Amino acid sequence: MLRRGNILSLRSLNVRHYSAKVNIKIENSTTLKKPVYNFKGISENLDHYLLSAKRRELPQDVLKEIQNTGEYYAKVKDLTASLTKIRAEKNISQVTLKELRQKKEIGAKYEEQLKIQGMLKKLEKEINENIKAEELKLYGVMESFPNALHESVKDEQELVKYLNPKDQYEPIPELEHSKIAQDFGIVDLKAGSTVSGSSWYYLIGDGALLEQALVQYALKLARKHGYKMVTPPSIVKVEVSDACGFKPRDQNGEVQTYELKQDGLVLTGTAEIPLAGLAINKTFNEQDLPERVVGVSRSYRAEAGARGRDTKGLYRVHEFTKVELFVWAAENQSEGELEKLREFQEELITSLGLSARVLNMPANDLGAPAIKKYDIEAWMPGRGNWGELTSTSNCTDFQSRRTHTKYKNKELQKSFFVHTLNGTALAVPRVIVALIENFYDPSSNRIAIPKVLQSYMDDKEFIEKVN
C-alpha cells in the first residue's frame, strides 16, 4: 500500500505565461477541445526541441521552462502510476468490504477496511489534485513551446535563387513609392491619417483598380493550381487565433493584433487563421489529401510601424487586402507541399516582372508553428532595399493538435494529425510598392502595368497622373 510519504504535498501554483497574459485552461472551451500535445515524444527528444528553441533566440525564462518539461512530464507519469495503484487497492478494499457485509462480519476487520477505504479515497483525491497541478504546468509551458526546426534551417538566411535577376541593385531615392503614388492621385495617406491615424490609407482610382487586378490575378492563378476559393471571416475567437500560434502580444510585449476584448474576439492578421479554423474537429480521408484552399480577406496588424522603420507609405500598414494559400496534408506530403507553395509564389512574382530573391529563412525568423519558412523579397529601389512580398511555412502538426484536425489512414484504420501549411499568394500594398518603384518611368511620368494585369485594368498599359 502507498503511504502519504510517497505522495507529493499540495502547494499553490504560480504558472508564468510568456508571450501573453493568458488564463491557461486545459479543459474544453466553447469552441475547441483541449490541445493534444505529444508530451511523450517531446520528453524523449527534449534536447532537440530545446536546441530549436535556443536557435530561435527565445528569452531565457522561456528556455528554462522548456527545459523543465521533462521533469513536469515525469512527475505526471509517476503520479498517474501512483493513482493507478491507489485505485487498484481501493477496488480490492471495496471487494473485501462487500464480502464482509455478505458474511455479516461487521466487526474489527470491517472497521479496519473502512479506515483503509477512507484513507485511499483521500490519497486518490490528493494525487488527482497533484496531477492537475503538474498538467497545468505542462500546458502552461506549451503556450510558448515552438515546433522543432527542420534540419535544413540555418542560423543565417540562405539564398535559394533570384527571380528576374538584375545586373546590379542600386538605391534610387527618387523612385520612392509614396511620393509618386500621392502625386498620381492613386493613394491618399493624408486622408487616411485624418480619418484613422498613421499607417492607414486610401487607394483611389487606378490605385484601387490595381488592388482588385492583383487579387483577381492571384485567385485565377491559384484556381489553376488546384486551390478552392474561400471567403473567410476577418474576425475570429481568441482561442482560435491562439491555436494557430498567433498571440495578442509577442515575446517583447509588442501588441500584434487588434482585440475586441469584451467579445473575446480578434481581428485576424492573415486569412491563415480562419482558413485553419475551417477544419476544426474535422477528420479527412487520407486519399482526399492534400486539400488546398485560397482565401481573400482584409488583414489587420496592430504593430504596423511600431518598430520605428518602414512607417512611410504602404510598406507597413495596419489594414490591407491579402490573398492567402492554405494546405492540409498527410505527414508524408507536407515537405513536398511546401516546395509547391514556393513554386507557386515564384511563378506569380516572376510573371509580374519583379526582380526578387528567394530565401530559406533562419531559425530566429520563424514563428513558433513553423519548422521551415521561405520568403520572397523584391528589390525596391525607392526604399533602397529588399522588401518581403511572400512567405510560406510548413507547420506540421503544431496547429492541428490544437484544432483537432486529423486524417484517417484506411489501411491502418487509424487517425493521425494532419500537417498544415500556409503561404502568401499576394499582399496587396507591398506588391503595389514594388510595382511603382520598379515600373515608374520618370521620363514619361507613367507607371507601366505588368502584362498579366492589363486585362483586369480595362486593358490599360500604363497608370498615368490624374490632372
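Modeller: Helices (DSSP runs of H or I, at least four residues) and strands (runs of E, at least two) are numbered from the N terminus. This is a predicted model, in which local features need pLDDT of at least 70 and side-chain atom pairs pLDDT 80 or more, while totals for chains, interfaces and linings use all residues. Residues are numbered from 1 along each chain as its sequence is written, and side-chain values use heavy atoms, without hydrogens and water.

Some background on the chain comes before the close look. The chain has 14 helices and 19 strands, and its C-alpha trace spans about 110 × 50 × 40 Å along the principal axes. Of its 467 residues, 51% are buried (under 20% relative accessible area with a 1.4 Å probe, counting protein chains only; exposed is over 50%, and partly exposed lies in between). Among contacts (heavy atoms within 4.5 Å) with a separation of 6 or more, 75% are between residues 24 or more positions apart.

Helix α2 covers residues 46-55 and helix α3 covers residues 60-67. They pack at an angle of about 175°, and their axes are 10 Å apart. Here an axis is a line fitted to C-alpha atoms, for helices over the stretch in contact, and the angle runs from 0 to 180 degrees between N-to-C directions. The two helices are therefore roughly antiparallel (over 145 degrees; under 35 is roughly parallel, 65 to 115 roughly perpendicular, and the rest oblique). On the α2 side, the residues that meet α3 are Leu46, Leu50, Ala53 and Lys54. On the α3 side they are Leu63, Ile66 and Gln67.

Setting aside neighbours within four places in sequence, Ala53 is in contact with Leu58, Leu63, Ile66 and Pro146.

The loop between α2 and α3 contains Glu57. The phi of Glu57 is near 65°, a positive value in a residue other than glycine. Most residues other than glycine have a negative phi, and most peptide bonds are trans.

Gln413 sits in the loop between β14 (406-409) and β15 (414-417). Its relative accessible area is 53%, so Gln413 is exposed. A further backbone feature is the cis peptide bond that joins Leu289 and Pro290, with omega about 0°. Pro290 belongs to the loop between β8 (283-285) and β9 (291-300).

Helix α6 (residues 177-184) and helix α13 (residues 428-439) have axes 9 Å apart and pack at an angle of about 90°. That makes α6 roughly perpendicular to α13. From α6 the contact uses His177, Ile180 and Ala181, and from α13 it uses Val433, Ile436 and Glu437.

Ala181 is placed in helix α6. With 1% relative accessibility, Ala181 counts as buried. Beyond four places in sequence, Ala181 is in contact with Ile186, Val187 and Ile436. Lys77 is 104 residues from Ala181 in sequence, and the two are 62 Å apart in space, C-alpha to C-alpha.

Met380 is in strand β12 (residues 372-380), and its relative accessible area of 0% makes Met380 buried. Not counting residues up to four places away, Met380 touches Arg430, Val433, Ala434 and Glu437, along with Tyr315, Asn385, Gly387 and Leu389. Val433 is 53 residues from Met380 in sequence, yet their C-alpha atoms are 7.5 Å apart.
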